[in-house]
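Here is my note on the model you sent. Please read it with the coordinates open.

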Amino acid sequence: MVKPFGWCFIGCGTLAKKVARRIIKSGRHKIVSVYSRSLDKCAVFAKKYGATAYRSAEEAVKADGVDGVYVVTPHNSHFKYSMLAIGLNKPVLCEKSFTTDAGQAKELIEFAKSKQVYIAEAMWTWFAPVANQVKNWLDGGVFGKINKVAIKSRLPLFLYAKRVTDPAAAGGALLDMGVYPLTYLYRLFGKPDDIICNGKVSKGIDWEESVRMHFPSGESYTACVSINKFGSEKLVIEGDKAKIKLGFFHNANRVKLVRKNGKSTSFSGDGSYLNEFDVVAFEIRAGLTESKFVPHEATIAVMEIMDECRKQMKLVYPFENN
């Protein structure tokens with residue numbers, strides 16, 4: 001029997017709690033150590049999940065039994081804590097968005113390569129079977145000639161956590177939710193050769209944007225994102241042979257392919273946090289330094305797309321003015 005994979009959690013906020021509940025329940029993972037800037041919150045979190053709270057991130061990373069480090073802090077500190085863990089030769093699963101800009105992403109990945117240490121972006125969509133099945137259908141020509149692609153994510157994320165609307169934490173729609181549809185389009189169609197981004201920026205963050213991406217193959221598709229509207233999340237792909245309509249595409253557990261001849265095919269797979277952690281634990285134990293599901297090239301490419309979006313929106317975070 002394989003022993004549970006031991007995690008160090010850097011951060012114990014809203015997302016950390018959701019993840020912890022899911023992975024602990026499986027019995028395949030355990031949380032060994034925890035660090036947060038708030039020692040009181042850290043202690044409560046650690047007690048609940050059978051871990052040890054530490055006063056410094058370095059102590060938490062170096063704790064006995066740590067097999068990997070999960071960085072689940074606000075975006076502006078992903079780089080700092082991931083660099084710390086890599087410097088201590090510990091594998092890292094870093095939450096999306098990986099960093100605040102492509103420059104940081106490249107530096108972090110190069111450092112990991114130089115140390116021969118595993119690091120991956122926690123882009124759970126692409127660790128999950130459903131998203132990969134959609135890509136397999138597309139690559140295999142199942143859809144035929146693509147006539148329409150529509151992807152949107154309009155959710156009241158401003159209610160989720162304070163960091164979402166905090167400029168100092170690199171809050172806003174793009175890094176919190178925009179990363180999902182932009183990554184989806186990138187993984188399906190490659191890197192765009194032209195980007196047009198129109199967004200709403202106020203109080204130091206972007207609240208919504210429409211990102212039109214033109215691809216070398218000639219197609220153009222638009223991703224729409226908002227964190228201040230009560231809407232929905234949906235992906236539609238229509239071809240002359242088949243189509244799909246996928247709600248909550250970023251964590252879907254099931255997709256139905258409907259063919260023009262009336263026949264349909266359903267595919268199911270775990271789209272939860274657990275799947276992501278199972279895959280990463282397997283890859284780390286297998287000695288990989290780069291994920292087969294979320295390769296470094298993909299993480300950097302999407303960060304570059306978001307950098308261009310920010311440039312066009314003239315969105316600069318307070319800590320970038322220093």
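1. The model is predicted: local features need pLDDT of at least 70, side-chain atom pairs count only at pLDDT 80 or more, and totals for chains, interfaces and linings use all residues. Residues are numbered from 1 along each chain as its sequence is written, and side-chain values use heavy atoms, with hydrogens and water left out.

2. One cavity of 30 Å³ or more is found in a search of the whole structure. A cavity here is a set of points, on a 1 Å grid over the protein atoms alone, where a 1.4 Å probe fits but cannot get out. The volume of the largest cavity is about 30 Å³, taken as the space filled by probe spheres set on the points, which are joined across faces, edges and corners.

3. The largest cavity is lined by Glu-121, Met-123, Thr-183, Arg-187, Val-294, Ala-298 and Thr-299 (lining residues have an atom within 4 Å of a point). At least two lining residues come from each of α7 (173-189) and α9 (296-313); helices are DSSP runs of H or I, at least four residues, and strands are runs of E, at least two, numbered from the N terminus.

4. In helix α4 (residues 78-87), seven of the 10 residues are buried, meaning under 20% relative accessible area with a 1.4 Å probe and protein chains only. Among them are His-78, Phe-79 and Tyr-81. Just after α4, Asn-89 has a positive phi of about 65°.

5. Phe-158 sits in the loop between β7 (146-154) and α7.

Note on methods. On a 1 Å grid over the protein atoms alone, a cavity is a set of points where a 1.4 Å probe fits but cannot get out, and a pocket is an open set with protein on both sides within 12 Å along at least five of seven lines; lining residues have an atom within 4 Å of a point. Buried means under 20% relative accessible area, exposed over 50%, partly exposed in between (1.4 Å probe, protein chains only).
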